[in-house]
Amino acid sequence: MILARVMAVVLALIGVGSYLWHTHATGWSSVADVLFIVLFILVYLFAATRDYLGASARVAAFSAAAFFPYAAGFAWVFGAVLPGGNALYASVAVLIAGYGLWLRRSATGRGLLVGAGILVVSLGFRMADAPVCAAFSVGTHFMWHILNGVMLGWMILVYCNHMRSGALAPRPPSG
C-alpha cells in the first residue's frame with residue numbers, strides 16, 4: 001500500500017504548507033499551501049481510479065491529469081457563486097461524491113460519500129469565515145482546517161480499508 005503511505009506523507013506536507021501560509025502569507029508560502037493539496041488530490045484520484053474502478057495505471061494517470069481541466073471548468077461555471085477558490089474545493093467534493101455514488105453499494109462508496117460530506121461541511125465553515133469574523137473575531141477558519149484534516153485522514157482510511165478488503169472493482173453493467 002505504497003500509495004497510502006504517499007498520501008500520509010503528503011497530508012503531513014499539507015499541514016506544513018498551511019502553517020507556512022498562515023504564518024508568512026507570501027507568494028512562496030501560498031504555493032506551498034496549494035501545491036501539497038493539489039498533489040494529494042492527484043495521488044488520490046490516481047489511486048481511486050486504478051484501485052476502486054479497476055482502471056489501468058495509464059487510464060488512472062490520464063484521470064489524474066484530467067483533474068486540471070475539470071476543476072478549471074467547474075470554477076468557471078460556479079466561480080461567481082463560490083468565489084475565493086471555493087469552487088475549486090467544491091469541484092473536489094463533487095468528484096469524491098461521484099466516485100462514491102458509482103460505488104454506493106460498497107463500503108468504499110459509502111466511505112467516499114462520507115468524505116464528500118465532511119468536505120462540504122468544511123467548505124461551509126470556510127465560506128462562513130469572513131461574515132462570522134465581523135461578529136466573532138476567531139471566525140470559523142479553524143474549523144475548515146480541522147475538518148479538512150479529518151476528511152483527508154478519513155479518505156486515506158477508506159483507501160486502506162478498500163485495499164485490505166481485497167474488493168474487486170465493479171464492472172459496468174453489460175448490455
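Predicted model: local features only at pLDDT ≥ 70, side-chain atom pairs only at ≥ 80, totals over all residues.
C133, by contrast, comes out as partly exposed, with a relative accessibility of 32%. No cysteines are paired up here: the structure holds zero disulfides.

Next, the inside of the fold. The largest nonpolar core has 41 residues, and the members that touch the most others are M7, F40, Y44, Y52, I96, L112 and Y159. Two or more residues come from each of α1, α2 (27-52), α4 (67-78), α5 (86-102), α6 and α7. Helix α2 puts in the largest share, ten residues. As background, nonpolar side chains tend to be buried together in soluble globular proteins.

F40 gives a handy close-up of this core, being among the members that touch the most others. Setting aside residues up to four places away in sequence, F40 touches M7, V10, L11, I14, L152 and I156. M7 turns up on both counts: it is one of the partners of F40, and it also belongs to the group touching the most other core members.

S18 sits in helix α1 (residues 2-24). Its relative accessible area is 12%, which falls under the 20% cut-off, so S18 is classed as buried. Beyond its neighbours within four places in sequence, S18 is in contact with D33 and H145. N148 belongs to helix α7. N148 is buried too, again because its relative accessibility of 12% is under 20%. Once neighbours within four places in sequence are left out, the contacts of N148 are L119 and S122.

F136, V138, F142, I146 and V150 together make a nonpolar surface patch of about 460 Å². F136 lies in the loop that runs between α6 (107-135) and α7 (141-165). With a relative accessible area of 47%, F136 is partly exposed, because that value lies between the 20% and 50% cut-offs.

Conventions: Residues numbered from 1 in each chain as written. Heavy atoms only, no water. Patch = residues over 30% accessible without salt bridge, like charges linked within 9 Å, V, L, I, M, F, W, Y side chains within 5 Å. Areas by Shrake-Rupley, 256 points an atom, 1.4 Å probe, with all protein chains shown as cover. Salt bridge = Lys/Arg side-chain N within 4 Å of Asp/Glu carboxyl O. Helix = DSSP H or I, 4+ residues; strand = E, 2+ residues; numbered from the N terminus. Buried < 20%, exposed > 50% of the residue type's maximum accessible area, 1.4 Å probe, protein only. Disulfide = S-S within 2.5 Å. Contact = heavy atoms within 4.5 Å. Core = buried A, V, L, I, M, F, W, Y, C linked by side-chain atoms within 4.5 Å.
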